[in-house]
Amino acid sequence: AENISAAGVKADLAVMDCQNIQYHDESFDLVVCRDLTWTLADPVKAYKEWTRVLRKGGVLLVFDACWYLHLFDEKRMKVFEEYNNNLRKKYGHGIFDGHKNTKKCDELSKKLFMSDKHRPYWDMEFLISLRYRRVFAEPKIDELVRDEKAQEFYKLFPEFLVGGIK
């Protein structure tokens, strides 16, 4: 609400399940999602809902990262562990050290639908299957959304933008 006021615009804010949106078909010109899809139990359903509420010609923008792909790839895991150890030496903490129980977080993350997906490629293919007229991606937008220290910490998890025009 503060950002809306600061921008000098008016907006109706609503809180709801993004996998079960309580708006009519084709209600919006733009749907934006940031750092959410990787956490969803059913991102397929969410993408379908976002598509349902977009008007023809509407734009979907999804910002996210591949947070746990290293849990499914031995080579990535080795790179992650080495990089994380270097961060610990430099800063006194690693990437996910703030989690109360890192092992439990990893176990949960392994169960999430998106954790083993190569993104944004998975998202692009899915948007194509939903018949978006135009699908696009920017695989590394870290400089635009992260400060310098965050860029260093999350170097192995580049933020991407994927989207489409319905």
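**Loop residues and a helix pair in a predicted model**

I95 touches F80, Y83, N84, L87, F153, Y154 and F157, leaving aside residues up to four places away in sequence. In this predicted model, I95 sits in the loop that runs between helix 3 (74-91) and helix 4. With a relative accessible area of 7%, I95 falls under the 20% cut-off and is therefore buried. H70 lies 25 residues from I95 along the chain, and 13 Å separates the C-alpha atoms of the two residues.

When residues up to four places away in sequence are not counted, R119 touches T37, W38, Y47, V62, D64, A65, C66, M114 and F160. The peptide bond joining R119 to P120 is cis, with omega at about 15°.

Two packed helices are described by the angle between their axes and the distance between the axes. For helix 2 (residues 43-53) and helix 5, the angle is about 50° and the axes are 11 Å apart. Helix 2 contributes V44, Y47 and K48 to the contact, while helix 5 contributes W122, D123, F126 and L127. Sorted by class, the contact of helix 2 with helix 5 has 5 nonpolar and 2 charged residues, and no polar ones.

Most residues other than glycine have a negative phi, and most peptide bonds are trans. E26, which is not a glycine, has a positive phi near 55°. This residue lies in the loop between helix 1 (2-7) and strand 1 (28-34). E26 is partly exposed, with a relative accessible area of 44%. R131 is likewise not a glycine, and its phi is positive at about 70°. R131 belongs to the loop between helix 5 and strand 3 (134-138). Its relative accessible area is 73%, which means that R131 is exposed, the cut-off being over 50%.

Notes. Residues are numbered from 1 along each chain as its sequence is written. This is a predicted model: local features need pLDDT of at least 70, side-chain atom pairs count only at pLDDT 80 or more; totals for chains, interfaces and linings use all residues. Side-chain values use heavy atoms; hydrogens and water are left out. Contact means heavy atoms within 4.5 Å. Axes are lines fitted to C-alpha atoms, for helices over the stretch in contact, and angles run from 0 to 180 degrees between N-to-C directions. Helices (H or I, at least four residues) and strands (E, at least two) are DSSP runs, numbered from the N terminus. Ala, Val, Leu, Ile, Met, Phe, Trp, Tyr, Cys and Pro count as nonpolar, Asp, Glu, Lys and Arg as charged, and the others, Gly among them, as polar. Buried means under 20% relative accessible area, exposed over 50%, partly exposed in between (1.4 Å probe, protein chains only).
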